[in-house]
Structure formats: structure tokens, C-alpha cells
Amino acid sequence: MDLMEKLTSLAKRRGFIFPSSEIYGGLNGCWDYGPLGVELKRNVKEAWWKDMVGHHDDTLASNDAPSSFSMVGLDSSIVMNPQVWEASGHVGGFSDPMADCRETRNRYRADQLVVFGFISKDAPDNEVNQSELLFASPGEIGATPHQELVTPHRKRITKLTSSLGEHKIVLIPDALTDEDLRAKTIAPGAKAPGTLTEPRAFNLMFKTHVGALETNSNVAYLRPETAQGIFVNFKNVCDTARVKVPFGIAQIGKAFRNEINPRNFTFRSREFEQMEIEFFCRADEAEQWYRYWRDRRYQWYTGLGVTAAKLHLREHDGDELAHYAAACADVEYEFPFGVSELEGIANRTDFDLRQHTEHSGKDLRYFDDQEPDKDKRRFLPYVIEPSAGADRATLAFLCDAYTEDTVSGDSRTVLKLHPRLAPIKAAVFPLVKKDGMPERALSIYRELRTRFAAVYDEKGAIGRRYRRQDEAGTPFCVTVDGDTSSDDTVTVRERDTCEQIRIPVNEVLAHITERIGG
Ligand code: GAP
């Protein structure tokens with residue numbers, strides 16, 4: 001089993017993540033968080049909110065910020081006036097190229113299919129276009145190993161290449177937009193070539209209707225990002241929250257995208273949660289603030305325990321940038337299925353506020369009453385947007401925490417989650433179910449439970465109880481034993497090191513609270 005299979009199986013077995021509506025066969029791209037998963041994901045969102053908003057000090061230039069700034073929150077509706085999505089460009093442009101296989105009825109994102117062929121070793125690469133047969137496999141040019149591309153067509157390729165003698169593989173970008181090349185291309189699982197359709201744009205927004213009639217005039221969309229809810233409330237927030245540029249508006253909420261190929265567990269889902277900040281600043285300070293947010297957001301993940309060596313900050317090249325963006329960087333994580341985006345940080349210039357000003361006819365310029373120059377008092381701020389996914393972050397924390405090790409000769413699976421993120425912070429055990437131990441343990445459990453998620457467990461051998469908590473990522477296990485009644489102490493076992501210390505019962509709550517932090 002590879003790591004992703006092990007993790008999916010643990011997630012199901014221990015109640016972290018289930019397929020959505022599983023008893024009816026599930027729904028592709030939708031997931032449910034079980035009792036442990038919901039705590040973990042809530043802790044991820046809670047950590048983000050506290051670190052970005054709740055604990056932010058408006059009066060200090062902390063974390064190497066260029067100056068002090070304000071942070072406020074928002075919770076906007078999921079269904080909004082459809083003009084929002086006209087203005088943002090989502091109605092016209094939020095699409096992926098899609099290709100269908102007429103034979104297998106499978107649907108692919110055209111930019112995630114690699115077309116390739118084989119030619120003699122010494123032939124020039126462009127001769128591959130003359131090959132009689134080409135192959136298409138799921139993957140990305142430059143990222144997917146050739147071995148993986150070959151797998152879906154192994155038998156056919158072995159036959160072809162044995163007749164070629166010494167040969168090489170050549171990848172053909174954009175082959176699917178060329179009718180002749182498409183006609184020679186075999187799709188995964190297809191018997192005949194030429195079954196893939198020409199790629200066409202597929203809008204990713206889920207449509208619905210508002211009100212009783214299902215007509216074109218009352219079409220609405222489930223939001224594909226939380227960001228636009230922030231932009232359309234920019235004026236409301238400025239008018240009511242007494243914020244001054246620079247300031248940020250943060251929002252956590254569901255987003256929906258009708259992804260062509262949901263995949264890699266929760267990584268690419270159709271329903272997911274975003275944690276977004278729109279940070280409004282002056283145009284001439286935007287570059288500084290962009291660097292600040294980019295670095296701070298990277299550090300947020302390492303501060304919560306993600307292995308720095310597996311976390312990368314990738315600055316986009318000029319030709320990768322959206323037309324309105326002045327800069328963009330991705331925080332990427334080395335998932336078991338490859339290096340992939342966790343979060344994007346972009347300098348979106350004044351594009352969004354300008355679009356909404358034009359489409360709504362409302363003046364969204366910020367008014368700076370402290371500016372001595374009258375002509376400079378009204379302006380459209382620039383926006384720096386750190387946009388993270390709560391589900392992707394949760395998946396990255398899970399992947400990073402998953403560990404198999406050996407303790408005193410016994411192998412165990414342990415989730416080494418940061419204590420702030422762990423679904424359960426402490427488990428309390430009586431060593432045996434007699435001699436007053438359950439009563440003492442229950443009283444400690446009830447005290448801990450008033451402050452954080454704790455469980456009480458008296459079933460099975462103590463070693464098995466530890467293993468159960470290791471798999472759930474519980475950082476501390478408290479055991480009441482034979483000495484507790486005489487000296488009022490218990491053992492506290494630490495999950496990662498398995499070290500045990502003995503402390504007085506009345507210090508357990510303070511000890512664990514301090515170790516959790518946050
Ligand atoms: N407002 C900008 C925006 O939405 P994005 O790069 O499309 O930018 C931001 O999305 C983040 O949302 C991504 O980095 C990812 O963490 C998360 N995300 C996007 N699509 C997703 C999907 N289909 N499933 C899970 N998370 C997704």
C-alpha cells in the first residue's frame with residue numbers, strides 16, 4: 001500500500017473522512033468529515049482565524065509587517081446576485097478545457113492528458129507527428145514520469161516499440177487541438193484511436209435557480225470562491241468598521257466547483273472550504289505587502305509543524321500570471337501524489353474593485369480623510385490575496401503527520417499532529433477497572449473536558465489504549481494507577497516520544513493547556 005492508500009484507509013477506519021452519501025454509492029468529489037475529522041478541520045480553521053484575525057494586534061507592526069494594520073472578518077452568503085460573477089469574470093472565463101472519450105465515456109481535463117508517441121532513437125523529435133499511433137495518458141507534461149504515462153497502454157506499446165528497435169518517447173503538447181493528431185491518439189482504456197473529442201471550455205460554476213421558476217432570468221450560482229463576497233462588501237466594511245488602509249478582510253466558507261476530474265482524495269473536490277484574506281493597501285506599497293503575506297503564509301504551515309523540507313514557495317513566472325495579477329506565489333506541499341498547491345498568494349492590483357465599480361455603478365473608492373493632497377484622497381486600493389483551502393491544508397497536515405515507527409519492539413501508526421490541530425488533546429485512563437481508579441480518572445477527564453476535547457477510555461490493555469490514541473493523533477495520555485491514591489500523582493505520556501512523566505493530579509490541566517499552546 002502506498003502512503004495515500006494507507007492514509008485513506010486510516011481516515012475511513014478511524015472516522016476522519018468518509019465518502020459523501022456512501023450508502024448510495026457516494027458522490028464523486030464530495031467528502032464527509034467524521035467525528036475525528038470534523039475536530040481536526042475545525043482546529044485548522046480555528047488556528048487560521050486566531051492567527052490571522054482573532055489574535056491580531058491592530059496597533060503593532062508585528063511579524064515583520066511594513067506597518068501596523070487592521071484585520072476584520074466577514075461571513076457572506078454563498079448564493080449572490082449573478083452580476084457578481086459577471087463582474088468578476090467567472091461567467092465568461094472560469095472554465096477548464098474538457099475532452100470526452102466517445103468509446104469509454106470517460107471525461108478528462110484536456111490539460112491533464114499527455115499525448116505521446118515513439119520513434120527511432122536517432123530520429124528528430126518532430127517526426128513523432130508522422131507516427132501511425134499516439135497515446136494519451138493522465139498526467140502533466142514535465143511532472144509525470146514516463147513510466148507512469150506508459151502504464152495504461154503497456155501491452156500496445158511493448159508491441160509497437162519491439163518493432164521499432166532502439167527508440168525514444170516524445171511528448172506532444174497541444175496534440176488534442178490538432179484534428180489529425182487526435183485521430184491517431186488512443187485514449188486510456190479505448191480499443192480504437194480517434195475517440196477523444198476536441199477540447200471545449202467547460203464552466204466550473206454550479207448553476208441553480210432562485211425562486212419558484214426555473215428560467216434564464218433567475219439563474220444563480222454557488223460561489224466558486226469566497227473572495228468576491230469580500231469585494232462586494234468592501235464599502236460596507238469601510239463604512240462600519242472604522243478601518244483604515246492598509247487593512248484586511250478575512251473569510252472562511254464553502255466554495256463549489258464542478259471540477260472535471262476530482263481526484264487525490266480531498267485534494268481536488270467539488271465542494272470544499274476556503275480561508276481567504278483580501279488585504280487592501282496603497283498601490284505603491286503593494287509589492288512590500290505582497291512579500292509580507294507570501295512569507296507569513298508560508299511560515300504559518302511550518303509553525304503548525306509541517307516539515308519545512310516538504311513545503312515550497314514557488315513564485316509564478318510572468319507568463320503564468322492571470323492578466324490582472326502583478327505577482328503570484330504558491331505555497332506547495334510534497335503530497336504523496338506529487339508536489340501540489342496548498343495556497344496561492346497574489347497581488348491582484350485594483351482589478352476586482354474596479355470591475356465591481358464598473359458593473360454596479362457604485363463608487364468603491366476608499367476615502368482617506370487624513371491625506372493633505374485633495375486630489376489623492378479618493379483611490380481604489382490594491383489587493384493582496386492569500387487564498388488557502390481548509391481541506392487541502394487538513395490533507396497536508398494529515399499526510400505530514402502520518403508516521404509508522406517502532407516502540408519497544410512494537411510497530412505502531414501514529415499521527416504526529418501539532419497539539420493545536422489534534423482532534424483530541426488528551427485521553428484519560430484508569431490502569432485497571434478497580435480500586436477507585438475509574439472514579440479518579442473520570443474526575444480528571446471531566447476537569448479537562450471543560451477546557452478542550454478529551455476522552456475517557458477504560459477498555460482493553462493499556463498498550464492497546466495508547467495505540468488507539470496514537471492513531472487518532474492524541475498528544476497526551478493521562479493514566480491513573482496504583483500510586484495515585486497514595487501520592488495524588490498520575491503519569492502523562494507524550495505521543496511522539498512515548499516518554500512518561502509523573503505529575504500531581506492538580507497540575508494536569510495546566511500542564512496540558514500549556515503544551516497545547518495557541
Ligand atoms: N480567490 C482565489 C482563488 O480562489 P484558487 O487558486 O482557485 O484561488 C485557492 O483557490 C485555494 O482554494 C487553493 O490553493 C486550494 O487550497 C483551494 N482549492 C481550490 N480548488 C479546490 C478544489 N477543487 N478542491 C479543494 N480545494 C481547492
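Select strand E14 (271–281), strand E17 (338–347) and strand E20 (382–389), each of which supplies at least two residues of the shell around the ligand; strands here are DSSP runs of at least two residues (E) and helices are runs of at least four (H or I), numbered from the N terminus. This is a predicted model, in which local features need pLDDT of at least 70 and side-chain atom pairs count only at pLDDT 80 or more, while totals for chains, interfaces and linings use all residues. Residues are numbered from 1 along each chain as its sequence is written, and side-chain values use heavy atoms, with hydrogens and water left out.

Next, show the shell itself: 20 residues surround the ligand, and the closest are Glu-225, Arg-257, Glu-259, Glu-276 and Glu-341, where a residue is near a molecule if one of its heavy atoms lies within 4 Å of it.

Now select Ser-269, where a polar backbone atom is 2.8 Å from a nitrogen atom of the ligand. At Gln-274, an N or O atom in the side chain is 3.0 Å from an oxygen atom of the ligand, and at Gly-389 a polar backbone atom is 3.0 Å from an oxygen atom of the ligand. The protein covers 88% of the 560 Å² of accessible area that the ligand has on its own, as given by the Shrake-Rupley method with a 1.4 Å probe.

Finally, move to Asp-391, which is in helix H12 (residues 390–401). The side chain of Asp-391 makes a polar contact with the side chain of Tyr-33 (2.6 Å); a polar contact is a pair of N or O atoms within 3.5 Å, and within protein one must be able to donate a hydrogen and the other to accept it, while residues adjacent in sequence count only if both atoms are side-chain atoms.
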